[in-house]
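We will go from stop to stop, selecting a few residues each time.

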Amino acid sequence: MAGHSKWANIQHRKGRQDAKRGKIFTRLIKEITVAAKMGGGDVNMNPRLRLAVDKAKAESMPKDNIDNAIKRGTGQLEGVDYVECRYEGYGIGGAAVMVDCLTDNKTRTVADVRHAFSKYGGNMGTDGCVAFQFSHCGFLVFAPGVDEDALMEAALECGAEDVLTNDDGSIEVITGPYEFSDVKQALEDKGFKAEMGEVTMKPQNETELAGEDAMRMQKLLDALEDLDDVQDVYTSATLLD
């Protein structure tokens with residue numbers, strides 16, 4: 001754990017995500033379309049689709065947008081044929097970086113990702129070079145001051161896999177990736193509302209970066225996240241003030 005910096009780092013990341021909301025709908029529509037194509041258009045039978053739809057609703061995406069994305073995935077409407085691809089590499093200080101993309105042109109996408117890595121001080125690696133350092137899971141973050149014992153008891157009752165308390169008093173509730181929505185709702189029903197929550201690839205170990213290294217790493221992450229074909233960027237880097 002990064003201890004003292006954990007809460008500040010999470011708040012910083014949430015702020016940066018909020019600033020990029022303009023791209024969220026585009027990425028969610030792609031995810032819904034691909035999820036429906038792979039597993040069918042019934043959210044009750046397709047956990048990945050349900051997760052994508054829940055996220056879209058949380059971002060106040062209009063129902064028609066969601067329905068049309070599902071129809072494009074199931075072939076009821078014409079649409080672009082997206083392919084999933086993942087690229088892995090290293091950032092500043094050897095921090096692990098994993099980039100998930102949905103694209104209609106892999107040649108373009110790999111060139112764009114490789115260029116961002118090289119331009120901002122990173123190195124693109126081979127498939128699998130860092131993926132083993134991450135766990136696919138959901139996590140909910142609660143602000144310092146929440147009753148730790150009560151939250152832990154409630155979380156485990158609701159089906160959470162683990163509860164972690166950081167040195168700064170913030171608390172993380174870890175769930176399975178497809179149990180995330182149910183656990184989040186169940187905790188809210190018990191009066192525990194998370195400050196932030198998502199399904200992610202969580203690093204098993206973290207690389208702390210400060211000063212110039214932190215700024216360089218942020219530029220690399222921003223460059224990757226700004227690419228049109230990129231859906232998500234995961235890193236083991238924790239950026240300190």
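## Stop 1: Salt bridges

This predicted model holds 16 salt bridges. Side chains of opposite charge can pair when their charged atoms come close. We will visit some of these pairs.

Select K37 and D81. Their side chains meet in a salt bridge, 2.3 Å from N to O. Now look at where each partner sits. K37 is in helix α2, which covers residues 24-39. D81 is in the loop between α4 (63-74) and β1 (83-90). The two residues are 44 residues apart, and the pair links distant parts of the chain. Is K37 buried or exposed, or in between? K37 counts as partly exposed, because its relative accessibility is 47%.

Next, select K63 and D67. Here too the side chains meet in a salt bridge, with 2.8 Å from N to O. Both residues lie in helix α4. They are 4 residues apart, about one turn of the helix. Show the surface around them. K63 is exposed, with a relative accessible area of 60%. D67 is partly exposed, at 25%.

## Stop 2

Select D104 and R108. They form a salt bridge, and the closest N and O atoms are 2.9 Å apart. D104 is partly exposed, at 47% relative accessibility. R108 is partly exposed as well, with a relative accessible area of 33%.

## Stop 3

Turn to the cysteines. A disulfide is a covalent bond between the sulfur atoms of two cysteines. How many disulfides does the structure hold? The count is 0.

Select C101 and C85 to see a case. The closest cysteine sulfur to that of C101 is in C85, 4.7 Å away. That is too far for a bond, because a disulfide needs the two sulfur atoms within 2.5 Å. C101 counts as buried, at 3% relative accessibility.

Then select C158 and C137. C158 is in no disulfide either. Its nearest cysteine sulfur belongs to C137 and is 17 Å away. C158 also counts as buried, since its relative accessibility is 17% and the buried class is under 20%.

## Stop 3: Strand β10

Go to strand β10, residues 237-239. Begin with A237, which lies in this strand. A237 counts as buried, with 11% relative accessibility.

What does A237 touch, leaving out residues up to four places away in sequence? Select A95, T207, L209 and M217: A237 touches each of them. A237 and P203 are 34 residues apart in sequence, yet 8.7 Å apart in space.

Move along to T238, also placed in strand β10. T238 counts as buried because its relative accessibility is 3%. Show the side chains of T238 and E206. They make a polar contact, at 3.2 Å.

## Look back

K37 and D81 link distant parts of the chain, whereas K63 and D67 both lie in helix α4.

Technical notes: Residues numbered from 1 in each chain as written. Predicted model: local features only at pLDDT ≥ 70, side-chain atom pairs only at ≥ 80, totals over all residues. Heavy atoms only, no water. Buried < 20%, exposed > 50% of the residue type's maximum accessible area, 1.4 Å probe, protein only. Polar contact = N/O pair within 3.5 Å; in protein donor to acceptor, adjacent residues only side chain to side chain. Salt bridge = Lys/Arg side-chain N within 4 Å of Asp/Glu carboxyl O. Contact = heavy atoms within 4.5 Å.
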